[in-house]
Amino acid sequence: MVRYFPNPYVEEGIVEKEPSHDDLTLQINEYIKNITTRLQPSNRNVDGGLYVGVTGVSYMFYYLFKNPLLKDSKSFYIEKAVEYLQPALDCSAGERTSFLLGDAGTFALAAVVFKAKEDERYTDFIKNYKALYNQYLNPKFLKCGGDEFFVGRAGYLAGALWMHKELHIPVLTREEMYNICDVMVESGRDYSMKSKSRCPLMYHYYNTQYLGAAHGLSFILQMLLTVPGYLQFNTSAEKDVKATVEYIASLQTKEGNWPCCMEELVLDDHKLIHWCHGAPGTVYLMAKAYLTFHDQRFLDSCIKAGEVVWQKGLLRKGPGICHGIAGNGYVFLLLYRLTGDDNYLHRAKMFANFMKSEVFIRDSRLPDNPESLYEGIAGTVCFLSDLLTPEIAEFPFQDVFSNFNQ
């Protein structure tokens, strides 16, 4: 079965009206109504954390609260953010050190939301987040693989950097972040040697060498590139990180995609064009590498990734950001910010249009968690919000443009 809808906007001469500010806000409000009707902020909906739990809906409301073009509803958004966050504060999401699935992400969001409400309790949640720090320094703290985004060190760093940006204060010291980065680099070197990898750094998650953003190498490398000053601090790490980024770039297929994992290099066709596995997630590493090393080939890699997403990115899996149309639409917002080319903004808007089309509504699949941040329409709302302010658009927790030096 074909994983994607044919892109009706590909043919030259077919022009569809771009959604206006009013169109986008109407779409946002319709989705919000669906979410608040179908997903209640209750303890039974805490499992899954930011990824598919109520915490992710809280993030969506905070994201809307920040949008300068939606300021008339600011008080409603921040109150809803607290309402959907409260169940996760009342009971654990189950995995204490996991950023995307557990308590680490809850603490990060709570710190930011309570600060936005000018509630002094935000400092308690910063302390809760920092209290997890030492666990990540244990080289074997997770047998399944402790370096990736969902449950590992990269996720903890992503959360700390996001909090820094939102709170305008560093949450971890440079030394603390560098210590975690050092553990990640050593972990990658050790596993690379054990697995006889072709590049200096390699990682596994449940014994699979994933390359994509969700559980794989690309997000880990992006965090090592993003922690301010780390590559200058540890020059041997810089050498290995850059060599590994170059290796990942070399694995891009002719049409612009990447294999899901190293075990699939032998396949001729790499069909997953998702944020979690494939070009729509790996493109953020290439973008960060371009901004870090100023090497044109990394920008060329981003542009090539954008082409395969344009051709095959209208996924039948639904509207979400992990493996859906909104997540793929974010690729064009990234490229718009990287290049300033209005054509990419047009493409992002066409992906938003398609989610209102009869064929998508009729034939797309219903996600397992249809109201959630990563699988469902809460993430779609973030994408639509970013279409209102594309000059500051960013995929959740994956900003490649901030330098965190304030």
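**Figure 1. Helices H4 and H5 meet in a left-handed crossing.** This close-up comes from a predicted model. The axes of H4, residues 74–90, and H5, residues 103–116, come within 10 Å of each other and cross at roughly 145°. On the H4 side, the contact is made by Ile 78, Ala 81, Val 82, Leu 85, Ala 88 and Leu 89. H5 brings Thr 106, Leu 109, Ala 110, Val 113, Phe 114 and Ala 116 to the contact. Sorted by class, the residues where H4 and H5 touch are 11 nonpolar and one polar, with no charged residues.

**Figure 2. The whole chain, for orientation, has 18 helices and zero strands.** Its radius of gyration is 20 Å, close to the 22 Å that the globule rule gives for 406 residues, so the chain is as compact as a globular protein of that length. Along the principal axes, the C-alpha atoms fill a box of roughly 50 × 50 × 35 Å. Of the 406 residues, 63% are buried. Take the contacts between residues at least 6 apart in sequence: 69% of them join residues at least 24 apart. The chain exposes about 16,200 Å², and carbon and sulfur atoms supply 49% of that area.

**Figure 3. Helix H10 is largely enclosed by the rest of the structure.** To follow them along the helix, look for Leu 217, Ser 218, Phe 219, Ile 220, Leu 221, Gln 222, Met 223, Leu 224, Leu 225 and Thr 226. What covers these buried residues? The cover includes helices H8 (153–167), H9 (174–194), H11 (230–233), H12 (235–250) and H13 (279–293).

**Figure 4. Phe 360 is a buried residue of helix H17.** H17 spans residues 358–363. The relative accessible area of Phe 360 is 5%, so this residue falls under the 20% limit for buried. Beyond its neighbours within four places in sequence, Phe 360 is in contact with Phe 5, Leu 315, Gly 318, Pro 319, Ile 325, Phe 354 and Met 355. For a sense of distance, find Lys 317: Phe 360 is 43 residues from it in sequence, and their C-alpha atoms are 9.9 Å apart.

**Figure 5. His 168 and Phe 397 each have a positive phi although neither is a glycine.** Most residues other than glycine have a negative phi. For His 168, phi is about 65°, and for Phe 397 it is also about 65°. Where do you find these two residues? His 168 is in the loop between H8 and H9, while Phe 397 is in the segment after helix H18 (377–388). Are they buried or exposed? His 168 counts as exposed, at 57% relative accessibility, whereas Phe 397 counts as buried, at 5%.

**Figure 6. Pro 41 sits in the loop between helices H1 and H2.** H1 covers residues 21–38 and H2 covers residues 49–52. Pro 41 is partly exposed, with a relative accessible area of 22%. Not counting residues up to four places away in sequence, Pro 41 touches Val 54, Glu 83, Tyr 84 and Pro 87. Ser 364 is 323 residues from Pro 41 in sequence, and the two C-alpha atoms are 26 Å apart in space.

Terms used. Residues are numbered from 1 along each chain as its sequence is written. This is a predicted model: local features need pLDDT of at least 70, side-chain atom pairs count only at pLDDT 80 or more; totals for chains, interfaces and linings use all residues. Side-chain values use heavy atoms; hydrogens and water are left out. Axes are lines fitted to C-alpha atoms, for helices over the stretch in contact, and angles run from 0 to 180 degrees between N-to-C directions. Helices (H or I, at least four residues) and strands (E, at least two) are DSSP runs, numbered from the N terminus. A crossing is left-handed if the near helix is turned anticlockwise from the far one by less than a right angle, and right-handed if clockwise. Contact means heavy atoms within 4.5 Å. Ala, Val, Leu, Ile, Met, Phe, Trp, Tyr, Cys and Pro count as nonpolar, Asp, Glu, Lys and Arg as charged, and the others, Gly among them, as polar. Buried means under 20% relative accessible area, exposed over 50%, partly exposed in between (1.4 Å probe, protein chains only). The radius of gyration is taken over C-alpha atoms; the globule rule is 2.2 Å times the number of residues to the power 0.38. Accessible areas come from the Shrake-Rupley method with a 1.4 Å probe; for residues, only the protein chains shown count as cover.
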